[in-house]
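This briefing covers a ligand site and the sheets and helices of the model shown below.

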Amino acid sequence: MLTNQQKDELADFFSKKKKIALTTHINPDGDAMGSTIAMMHYLRAKGHDVTAIVPNKYPEFYGWIPGTSDLVIFEKNATTVKKVLAEADMIFSLDYNSIKRVGPMSNLLKVASGKKFLIDHHIDPEEGFDYYHHTTETTSTGQLVFRFIELMGDKALLSKEIAVALYVAIMTDTGSFSYAANYPETYHIVAELIEKGVDAEQVHRLVYDTFSENRLRLLGYAISERMLVWPHLHTAVIYLTKEDLKRFNYQVGDTEGVVNYPLSMDNVNLAVLITEKEKKIKLSFRSKGDFNVNLLSRNNFNGGGHKNAAGGQIYSDIPKTIETIKATLEPLKETLNYKLSY
Ligand code: 5GP
Ligand code: MN
């Protein structure tokens, strides 16, 4: 967390107009989008020259968040992004703990000379940043952004636009207040966001009730035709091939949330989604209770994340990936064998 000296330093830094770049992780989720957009509005309200960058295309169901149209997509505007990062006085890293999470933008970030500021809630953030506003004891980066605005003595700048973006961040990273949701502070913050004019039902509908027909049918197909259940491992796996995605006219974001469904079965403590991409297999892991998917992914699948939600990747094909996952889990089966109780 920030020291008092750093807070003073930052107050001094922000007292003059600065060029600021905001960055977030590849395949941005609701927390990445919400915390980046909220910071953009906040720092602009403070009078700075702010460019908010996402590495690649974001799902359309976040396109309605006020300010989204200002985001610069690196994949489409590499030259602009290169210049912005090179000239920035400060670069924020929002919702990721390691520079490699910005994908093909990583090198530009590494060589940039501006101050580096990490705001994040993933385990074990990488060294090398000038400032860290970090804890894992929170719902989301959005919640940390709220606290940062407060820390800088700027609660008066908290507008409806900022509140909506932060609400998206907190709502999506807690699965609508169903996991990582035991922090009383979160509900105090959410109460303030609603006081600022956030319509919680409307936000929920805009994010979750805007599926295309294809997306909903893909979800049904994934569960009915592409789900393997391994009762002795308390695990269920869903796999989607390139052909499956093509069949349902896959759009960015269409598989978001699919990985959560197997966890709705009793006795399933681990859910895995295997998605075949152009050059690799993307893995998503979710667990309920004690099983730590951050460690599972870090140790075996070139990824990481949080205790109950992590991602990874593997350069293989789908059948071999399924076998690898099974073989990796076999020796862990006792740690997967538990029942939630109250
Ligand atoms: P998802 O399964 O939704 O892609 O990711 C779940 C969580 O793990 C998110 O918090 C995401 O930021 C993190 N995550 C996803 N992929 C990776 C990865 O390759 N490396 C690390 N360190 N974290 C990841
Ligand atoms: Mn997050």
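With four residues, β12 gives the most to the shell around ligand 1. Strands (E, at least two residues) and helices (H or I, at least four) are DSSP runs numbered from the N terminus. The model is predicted, so local features need pLDDT of at least 70 and side-chain atom pairs count only at pLDDT 80 or more, while totals for chains, interfaces and linings use all residues. Residues are numbered from 1 along each chain as its sequence is written, chains are lettered from A and ligands numbered from 1 in the order in which they are written, and side-chain values use heavy atoms, with hydrogens and water left out.

**Ligand 1**

- There are 14 residues around ligand 1, and R101, H122, K282, S284 and R286 come nearest; a residue is near if one of its heavy atoms lies within 4 Å.
- The shell around ligand 1 holds two nonpolar, nine polar and three charged residues. Ala, Val, Leu, Ile, Met, Phe, Trp, Tyr, Cys and Pro count as nonpolar, Asp, Glu, Lys and Arg as charged, and the others, Gly among them, as polar.
- S284 places a polar side-chain atom 2.6 Å from an oxygen atom of ligand 1, and H122 places one 2.8 Å from an oxygen atom of the ligand. A polar backbone atom of G311 is 3.3 Å from an oxygen atom of ligand 1. A polar contact here is a pair of N or O atoms within 3.5 Å.
- Taken alone, ligand 1 exposes 490 Å², of which the protein buries 84%; areas come from the Shrake-Rupley method with a 1.4 Å probe.
- Two or more residues of the shell come from each of β10 (281–287), β11 (304–305) and β12 (309–314).

**Sheet containing β10 and β12**

- Six strands form an open sheet in the order β7-β8-β9-β10-β12-β11, with mixed pairing; two strands pair if DSSP finds at least two bridges between them.
- The edge strands, each pairing on one side only, are β7 (227–230) and β11.
- Six bridges join β10 and β12 in the antiparallel sense, and F285 has A310 in β12 as its bridge partner.
- Helix α11 (residues 293–300) lies across β9 (270–276), β10, β11 and β12, at about 15° to β12. Angles run from 0 to 180 degrees between N-to-C directions, with axes fitted to C-alpha atoms, for helices over the stretch in contact; contact means heavy atoms within 4.5 Å.

**Parallel sheet**

- Another open sheet of six strands runs β3-β2-β1-β4-β5-β6, with parallel pairing. Its edge strands are β3 (72–73) and β6 (131–134).
- Strand β5 (residues 115–120) is joined to β6 by four bridges, and I119 stands opposite H133 in β6.
- Helix α2 (residues 30–45) lies across β1, β2, β4 and β5, running at about 170° to β1.

Technical notes
Polar contact = N/O pair within 3.5 Å; in protein donor to acceptor, adjacent residues only side chain to side chain.
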